[in-house]
Every structure is written in structure tokens, then in C-alpha cells.
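Please find below a note on the model under review.

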Amino acid sequence: MLTIASEVEVLARFGRALADPIRCRLLLALREAPAHPSDLADRLGISRTRLSNHLACLRDCGLVVAVPVGRRTRYELADDRLGHALDDLRAAVVAVESERACAGPASVASPRLPAE
């Protein structure tokens, strides 16, 4: 049974999906057109096993769906509006203080409060 996720849950799912560069590349590829896993693996230059794990994550996040086509399965974005959301995110201006990539939660230092 499908359920509707809250706004916060939707953002968290998007964040989880976008946290990995391979999943980002997968979403952008599927934004262009639905595709079969073997074609996606070749296009991204990764193994089918690795691709399968990332597709499972994107399915769990609710961003892609698997569509049976005969004996094969095709993947596509779960909603056409996701393609527009990806376009908006790509066009957004991001304010950064350096060329460093955003650090993951484990490596982010706690901010120091000024001494009183």
C-alpha cells in the first residue's frame, strides 16, 4: 500500500538519495529517459551489482519505480515533477566558503562558541 510522506520525510528521502554521487548520476540519467539496469550500468561505468544496490536505495526513497517490460525491468522517476525538482536543484546557487566538498556528519566539527 502506498502512503503519502510528510514534507520533512520527503526532504529527508531526497537528501539520502542525493548524498551519493552515483545516485545523483542515476537520477540525472533517469531524468533524461527511463532505462534498463544493464544500460544504466554501462552508461555510468559501474558494475550491475553496485548499480542494483543504488537502485534499491532510490526505490526505498520513493524516487524511482521499477516497471516490468516483458522479461526485463525498466526504471524511471516515480513522478515527472522529480525531473523538474532536479533541474531546480541544479540551477540553484549554493553559497560556499571554499572549494572543499561538504563534509559528512561524522567529520563535521562542532562549532565553537565564543568565550564569554
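Predicted model: local features only at pLDDT ≥ 70, side-chain atom pairs only at ≥ 80, totals over all residues.

The points below go from the whole chain to individual residues.

1. The protein contains five helices and two strands, and the order of its elements from the N terminus is α-α-α-α-β-β-α.

2. The protein has 116 residues, of which 25% count as buried. Its accessible surface is about 9,000 Å², with 54% belonging to carbon and sulfur atoms. Among contacts with a separation of 6 or more, 53% are made by residues 24 or more positions apart.

3. In soluble globular proteins, nonpolar side chains tend to be buried together. The largest nonpolar core here has 23 residues, and the members that touch the most others are Leu26, Leu27, Leu30, Leu40, Leu51, Leu63 and Val64. At least two residues of this core come from each of α1, α2, α3, α4 (48-60), β2 (72-77) and α5 (80-91). Helix α2 supplies the largest share, five residues.

4. Leaving out residues up to four places away in sequence, leucine 63 touches Arg13, Phe14, Ala17, Leu27, Leu58, Glu76, Leu77, Ala78 and Leu82.

5. Five salt bridges are present in the structure. Glutamate 9 counts as partly exposed because its relative accessibility, 34%, falls between the 20% and 50% limits. Arginine 13, at 29%, is likewise partly exposed.

6. Further partners of arginine 13. Which residues does arginine 13 touch beyond its neighbours up to four places away in sequence? They are Asp60, Cys61, Gly62 and Leu63. The side chain of arginine 13 has a polar atom 2.5 Å from the backbone oxygen of aspartate 60. Arginine 13 and glycine 62 are separated by 49 residues in sequence, while their C-alpha atoms are 7.6 Å apart in space.

7. Glutamate 32 and arginine 43 meet through their side chains in a salt bridge of 2.7 Å, N to O. This pair links distant parts of the chain, with glutamate 32 in helix α2 (residues 21-32) and arginine 43 in helix α3 (residues 37-44), 11 residues apart. Glutamate 32 is exposed, at a relative accessible area of 56%, and arginine 43 is partly exposed, at 49%.

8. The pair of arginine 81 and aspartate 79. These two residues form a salt bridge whose closest N and O atoms are 2.7 Å apart. Arginine 81 is classed as exposed because its relative accessibility of 60% is over the 50% limit. Aspartate 79 has a relative accessibility of 28% and counts as partly exposed.

9. A buried arginine without a salt bridge. Side chains of opposite charge can pair when their charged atoms come close. Arginine 23, in helix α2, is buried yet has no salt bridge. What is the nearest side chain of opposite charge to arginine 23, and how far away is it? It is aspartate 20, 4.4 Å away.

10. Surroundings of arginine 23. The side chain of arginine 23 does make a polar contact, at 3.4 Å, with the side chain of histidine 54. Apart from residues up to four places away in sequence, arginine 23 touches Arg16, Ala17, His54, Cys57 and Leu58.

11. Histidine 54. This residue is found in helix α4. Is histidine 54 buried or exposed? With a relative accessible area of 10%, histidine 54 is buried. Its contacts, apart from neighbours within four places in sequence, are Asp20, Ile22, Arg23 and Leu26. Histidine 54 is therefore in contact with both arginine 23 and aspartate 20, since each has heavy atoms within 4.5 Å of histidine 54.

How values were computed:
Residues numbered from 1 in each chain as written. Heavy atoms only, no water. Salt bridge = Lys/Arg side-chain N within 4 Å of Asp/Glu carboxyl O. Buried < 20%, exposed > 50% of the residue type's maximum accessible area, 1.4 Å probe, protein only. Helix = DSSP H or I, 4+ residues; strand = E, 2+ residues; numbered from the N terminus. Areas by Shrake-Rupley, 256 points an atom, 1.4 Å probe, with all protein chains shown as cover. Lys, Arg positive; Asp, Glu negative; His and termini not counted. Polar contact = N/O pair within 3.5 Å; in protein donor to acceptor, adjacent residues only side chain to side chain. Core = buried A, V, L, I, M, F, W, Y, C linked by side-chain atoms within 4.5 Å.
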